[in-house]
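User: Hello! I am new to this structure and would like to learn how to read it. Could you show it to me and take me through some of its features?

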Amino acid sequence: MNTVTLPNSSTKICSIAAGEAHTLILTGDGRVYSWGRGILGRLGGGSEHDHHLPVQLRFGSEERSVKIVGIAAGAYHSLAVADDGSVWCWEDFHGEKHKDVDYSIVPCLLNKFLDLHPPISSSTSTISEAGDESSLKITVVKAGGMMSMCIDNLGALWMWGNCPGENKEGGVSLVTNFTPTPVWDFHGHIVVQVACGKEHVVALVTAGESFKGVDDLVCYTWGNNNHGQLGLGDKENRPQPEVVKTFDLESPWVIYEVTCGAFHTALLTRNKSPSETFGSTCWTFGLGDNGQLGHGTTLSKLLPEPVKELPQNVHLVSVDCGLFHTCVVSFDGYVWSWGMEKGLGLCPDDSNGGIHSGDALSPYLISCNPYEPKFPKPIQVACGAAHTVIVAQEGYKLWSWGRGRSGVLGNGKTIDSYTPTIVLWPPLMKDFEQEELHNSGEHDKTESEEVSETNDKLSSALNKVKLLQTKLSIVERYASVLHGSIFGEPFDEQNIPLSLQNSDAFDISKEWKNILETLDCTKLSKLEMLYQNMLVAVKDKLMKKKIKEIINEYISSSNVKNE
């Protein structure tokens, strides 16, 4: 009988979100993990300490099981929505402690939604057939800058935090609102997707009262427009949502993803009309000072323009914006980034002064490793202020690059990385400890001494495993670089010698002969050249050391004679 290994939902990542210097991931079984800078409690782990590796967050209590189905990260705050429609938040979402606002360093229930009712909409009658219309249930959460947003089960959009609004003079300014407030401009319509930057908002909304598919969506923008980030052809601010004419109902393109940087906007489209070649287009507009628009210049754009230097006829599956950089991922596994410091998003003073210095004004290919440009089966990309994280391998593997201080990259280190580095996932962490303790309680192991002893053993084992994971990651990279320099191709499991695969014994002489037998003339010539260069370098170093020894010996003997 053949055994089938089922996917592990507890380690499969279904969503990711990045804040200014922290990252959140959501697993298939509804768990949330975070890492990065901990100041102001943005990680939700109960302290303001930095976390260099993914750490699981706790929602609710042991008596109440909470399954999270959505996450979002603002600059300094985080949000989550549970399958029951409840909204959870941690850290003060205005980036400062306020006397009227609770400050939390652990996930807490946003009680203000419990006292609210959904706004009456012409689409309510349709929804009420399936359930009670008076029951407000949030289905989507989003965050950006210091504002928070969510969409409820009726398709209404809610906002709170520092949101763009009309001031007394009739202009636009950020209005601080501590209570979730519906955006009444979309009364009678359904908001399907939303994104927000520092001071502007982009939303995809149905043209009619019901959702008929993405072909029926209209793009709206509002807020601060001092750099053209609203895509309306001017720099006038908008207190209320306005249609982006490039993507109205008459447009030949369908938008299927929107995202915002601090002062620029990016979105993905496909053609409405079917064609033989299915391709996507990435559009950008707004501030372009650091090349974050990818148009080959540092000019800002007031209207949406396609990023023309991306390959044609590729299907783009994800896009996200950092503070001053943008990143897109294709279905085939290619990743392009552009903007500040080669699309890494790092500030100029972070540059190592080498090949990574300088802004990327056009799409720059980010390779998975030096010998493999593609990431395996990518799902989503998320950009923080100066770091990028990608979920690949169908949700079971993570890579990150960019700013590494405070453990932002999740690889256990605090240094910047100019190339993708593997996030230590999945971790063998506290949740497994808790499961073991819970199971032990079910089997009458309730003695406090046994629990304490188990805790100590698991904690010790956890530390050892983390150390081994770090060492393994270093060894993998070393092996890949060494193998690639010798054979001109990345190291793979199939390259492990058979004698080492089948037993602990390794006959290096025999395996070396086997390797030489499999190489063609071209590879043998490269190998010969490599070893010739290595031999020359060794002889040169040996000669220098002998000369140095002779000189030291001469100086030593001279000193003896002088005495």
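User: How many of the residues of the chain count as buried?

Analyst: Let me begin with some ground rules. This is a predicted model, where local features need pLDDT of at least 70 and side-chain atom pairs count only at pLDDT 80 or more, while totals for chains, interfaces and linings use all residues. Residues are numbered from 1 along each chain as its sequence is written, and side-chain values use heavy atoms, with hydrogens and water left out. Buried means under 20% relative accessible area, exposed means over 50%, and partly exposed lies in between (1.4 Å probe, protein chains only). Here, 45% of the 563 residues count as buried.

User: And what does the accessible surface of the chain come to?

Analyst: Accessible areas come from the Shrake-Rupley method with a 1.4 Å probe, and for residues only the protein chains shown count as cover. For this chain the total is about 29,100 Å², and carbon and sulfur atoms account for 54% of that.

User: How many helices and strands does the chain have?

Analyst: Both are DSSP runs numbered from the N terminus: helices (H or I) have at least four residues, and strands (E) at least two. The chain has six helices and 28 strands.

User: What share of the contacts joins residues at least 24 apart?

Analyst: A contact means heavy atoms within 4.5 Å. Counting contacts between residues at least 6 apart in sequence, 50% join residues at least 24 apart.

User: Now the sheets, please. In what order do strands E25, E26, E27 and E28 stand?

Analyst: Two strands pair if DSSP finds at least two bridges between them. These four form an open sheet in the order E25-E26-E27-E28, with antiparallel pairing. Strand E25 (380–383) and strand E28 (417–422) are the edge strands, each pairing on one side only. From one strand to the next, the twist averages 15°. For such angles, axes are lines fitted to C-alpha atoms (for helices, over the stretch in contact), and angles run from 0 to 180 degrees between N-to-C directions.

User: How many bridges join E26 to E27?

Analyst: Six bridges join strand E26 (residues 387–392) to strand E27 (residues 397–402), and the two run antiparallel. To see one of these pairings, find Ile390: its bridge partner in E27 is Trp399.

User: How many salt bridges does the structure hold?

Analyst: A salt bridge is a side-chain nitrogen of Lys or Arg within 4 Å of a carboxyl oxygen of Asp or Glu. The structure holds 11 salt bridges. One of them joins the side chains of Arg42 and Glu20 (2.8 Å, N to O). This pair links distant parts of the chain, 22 residues apart: Arg42 is in the loop between strand E3 (32–36) and strand E4 (51–56), and Glu20 is in the loop between strand E1 (13–18) and strand E2 (22–27).

User: Are Arg42 and Glu20 buried or exposed?

Analyst: Arg42 counts as buried, at 2% relative accessibility, and Glu20 is buried too, at 17%. Glu20, Arg37, Arg42 and Arg403 are also linked in a network of salt bridges.

User: What about Arg270: with which residue does Arg270 form a salt bridge?

Analyst: The partner is Asp215, with the closest N and O atoms 3.3 Å apart. Arg270 lies in strand E18 (residues 264–271) and Asp215 in the loop between strand E14 (200–206) and strand E15 (217–223), so the pair ties together parts that are 55 residues apart in sequence. Arg270 is partly exposed, with a relative accessible area of 23%, and Asp215 is partly exposed at 37%.

User: Finally, where does Asp84 lie?

Analyst: Look in the loop between strand E6 (78–82) and strand E7 (87–90). Asp84 counts as partly exposed, at 42% relative accessibility. Leaving aside residues up to four places away in sequence, Asp84 touches Arg64 and Lys137.
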